[in-house]
Amino acid sequence: MFNKLEQVFSQLANAEISNKDNVYTIVVAKENLRQAAETLRNNDIVRFDFLRDIIGMDYTDSLGVIYNLSPSEDLSVIVLLESRTDDRENPAFDTVEDLWLSAPFYEREVHDFFGIRFLGNPDMRRIFLRQDWRGYPLRKDYDSSPIINPIPLENEDLDSLEYLPVLDLKDIDKERKSVFDKGDFVVNFGPQHPATHGVLHLRVSLDGEVIKKVDPNFGYIHRGIEKICEVSMYHQILHLADRLDYLSGSINRHAVCMAIEKGIQLEVPPRAQYVRTIIDELTRIASHLLGWGAMAMDMGAITAFVYGMRDREKIMKIFEKTCGGRLMANYSMIGGLMEDIHPDFQKDVKEFVVYMRKMLREHHILFTGNPIARGRMEGVGHLTREQAISIGATGPVGRASGWQCDVRKIEPYAAYDKAEFTAVLREGGMTFDRYYIRLDEIEESLKIIEQLVDNIPEGPFCAKPKPIVKLPEGEYIQRVENARGDFSVYINSRGDKFPYRVKFRSPSLVLVNVLKHIAPGNKIADLIMLGGSLDYVIPCIDR
Amino acid sequence: MTTADFKDNEYLEQYVEQLREGGVNVAIAKLDDIINWGRSNSVWPLTFATSCCGIEFMSLGAARFDFSRFGWEVTRNSPRQADVVFCFGTIVHKMAPVLKRLYDQMSEPKYVIAVGGCAISGGPFKKSYHTVMGIDQIIPVDVYVPGCPPSPNAIIYGMLQLSRKIKVQEFFSLPKQPKVVEHLDNPIEVVKYV
């Protein structure tokens, strides 16, 4: 792999390349960015066809973008393609929206937060904030005064969402481009709607009953977590990670802990590693049960929802005993765990594994075999493997399309290398596959828990770090597999007690992008079910 | 004539006494008590959940906690049919007008329960540039349930507080006009980003 990468990198013109723990940083000039991206994407040796994220940066004197890339065949390789511009008035880079399907949303996000324009991308609407928001919040010189941006009294004007903004002076007299075609019948779906799984606003154009185009509108729960992280100390940002994707809160928190531990080179005791892994897997089961129940409820089966919640409560009971919290376990700390496990923990977990196996069979009988459910799910919402990679749909959705993207296997962290399990793959890419793979993953999670719970080593549960944690200067990336896919934390430190920049890679954002690509051509009644099968969590998208 | 004028009910008691002596079984009560008994035990909430607390709301509806014991289980998706809006989760600038509109669409008498730290005061997002620091800046709140997120037990306790509040109201003298809230009467602390 190393030789192959050398060959690819030699094709890049005027690039500075450095390597640290399988993370390759390539710095190119602004003019060469597009060419470098094309080379990485389209070469014949190693194709970097998975754009994980675009990270906007404000280096105080200049603005920059970082493209986080991986080849789909070997996800352990990460390439950070960096570029900067000194122009703070009109910063602009060339677009890559035609190279990766995931790029348009990411570019809009960077534009929203940093005011960086992507030349060639016509859709430069704000993605999270209102179109009439003043200033770019993640810039270091942003003024957060409520006088500049008071609480709005009126709903956002839908015309400002409908028409793309004018970017150049020469276009100012021309007719503004519209998202939908003229005469399209557009239905607003959300933001307050029980089936959107949060506050998502979809604008859907219809041809009779058939969906023509979906235009998602985010930001109804944008809390500015990344900006809050910049004024918080390291142990203070842990609880914010919980509140991103609250259904896999413990896993997200684990990721942030690991990134910080990597930075300060703190050895986590094995006892903590084991317990963290078990808690992560319990969280995953709880999330999948809710996802299963909510999807069934979206299709009209309320019984399934109640059954799913009933089994989930068993996990909540275990959490209450050991962590004190229910949904927000707040259990991982920098260096280990908040406190030791409850004496009953192992007994309860083992009882739960037996119980869950029994119930899983019941769930299959209740819903999987149901001819009505199968009729609705089979052959609907096809996502191909190439699409999944290009959009960056990781997690159960990517694996249901046949893409092996399980971080637990590719880059084992915590105690995952101590357990035997298979990362379930399905080839179909249909709604039914996305439904079925979650139940299979519950089974695999039970296997992991079963193997680890009896072997929790004795010893300390936490390695105490210094009271004030200071990360050495540099960039830290940590990926974990949360219930929705590849959740990455990017921390840029300048050696201070506050991080300089924190970026969370949301697996849910790409899932809405998936919806945008698979919904057209389906019936409007199936839109809700497709959303249920993707199981996105909106606060994770909006951050 | 207002409801408060009907305080002297002595003649009613005498009348009942006479009837009882004649062998007729009669019970008297205030209409308010009966109506409020009914109202406080069948409050229909609006399904309005923006983030984490919404999951605890789901738990509340499911088997272990089961809020249908208190007659709250008829969740409505339209604000026009709802009595109470449980505000589960953070309200941000973009969502604020939506919440206000939902509240305005509800018919009187209507109640608001702010669940969780975010809805009460901004909670963990106090330093944010985009969070509304407490929904009482937009709509009037009847009951606050603290926690991040509060456990379903706490939410049940909050619900019962609202029940108590409804029981002591005089139904016939409830305001006909919707309550008006002064917008942003308390100044917000400005956070300086370094």
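**Two chains, a few close-ups**

Visitor: In what kind of crossing does H15(A) pass H17(A)?
Guide: Bear in mind that this is a predicted model. The axes of helix H15 (residues 431-453) of chain A and helix H17 (residues 524-534) of chain A come within 9 Å and cross at roughly 35°. As for the sense, H15(A) passes H17(A) in a crossing that is left-handed.

Visitor: How many nonpolar, polar and charged residues are in the contact of H15(A) with H17(A)?
Guide: H15(A) brings A:Thr431, A:Arg434 and A:Tyr435 to the contact, while H17(A) brings A:Met529, A:Leu530 and A:Ser533. Sorted by class, the residues of this contact come out as three nonpolar, two polar and one charged.

Visitor: Why does A:Val28 count as buried?
Guide: A:Val28 is found in the loop between strand E2 (23-27) and helix H2 (33-42) of chain A. Leaving out residues up to four places away in sequence, A:Val28 touches A:Leu12, A:Asn14, A:Ala15, A:Leu33, A:Ala36, A:Leu81 and A:Ser83. The cut-off for buried is 20 or more other C-beta atoms within 10 Å. A:Val28 counts as buried because its C-beta neighbours inside 10 Å number 21.

Visitor: What separates the C-alpha atoms of A:Val28 and A:Ser83?
Guide: A:Ser83 is one of the residues that A:Val28 touches. Along the chain the two are 55 residues apart, yet their C-alpha atoms are separated by 5.4 Å.

Visitor: What are the end C-alpha atoms of helix H3 (residues 103-114) of chain A apart by?
Guide: Helix H3 of chain A has 12 residues, so at 1.5 Å a residue it should span 16 Å. The model agrees with that, since the end C-alpha atoms of this helix are apart by 16 Å.

Visitor: How many helices and strands does chain B have?
Guide: Reading from the N terminus on, chain B runs α-α-β-α-β-α-β-α-β-α. Written as totals, the secondary structure of chain B is six helices and four strands.

Visitor: How much of chain B counts as buried?
Guide: Among contacts in chain B between residues at least 6 apart in sequence, 79% join residues at least 24 apart. Of the 194 residues of chain B, the part that counts as buried is 39%.

Visitor: Which helix gives the largest share of the side of chain B that touches chain A?
Guide: The contact takes 42 residues from chain B and 41 residues from chain A. Helix H3 (53-61) and helix H4 (96-105) of chain B each supply at least two residues of chain B's side. That side divides into 24 nonpolar, 13 polar and five charged residues. Its largest share, five residues, comes from H4(B).

How values were computed:
Residues numbered from 1 in each chain as written. Chains lettered and ligands numbered in written order. Predicted model: local features only at pLDDT ≥ 70, side-chain atom pairs only at ≥ 80, totals over all residues. Contact = placed C-beta atoms within 7 Å. Nonpolar A, V, L, I, M, F, W, Y, C, P; charged D, E, K, R; others polar. Axes fitted to C-alpha atoms, helices over the stretch in contact; angles between N-to-C directions. Left-handed = near helix turned anticlockwise from the far one by under 90°. Buried ≥ 20, exposed ≤ 12 C-beta atoms within 10 Å, placed from the backbone. Expected span 1.5 Å × (residues − 1).
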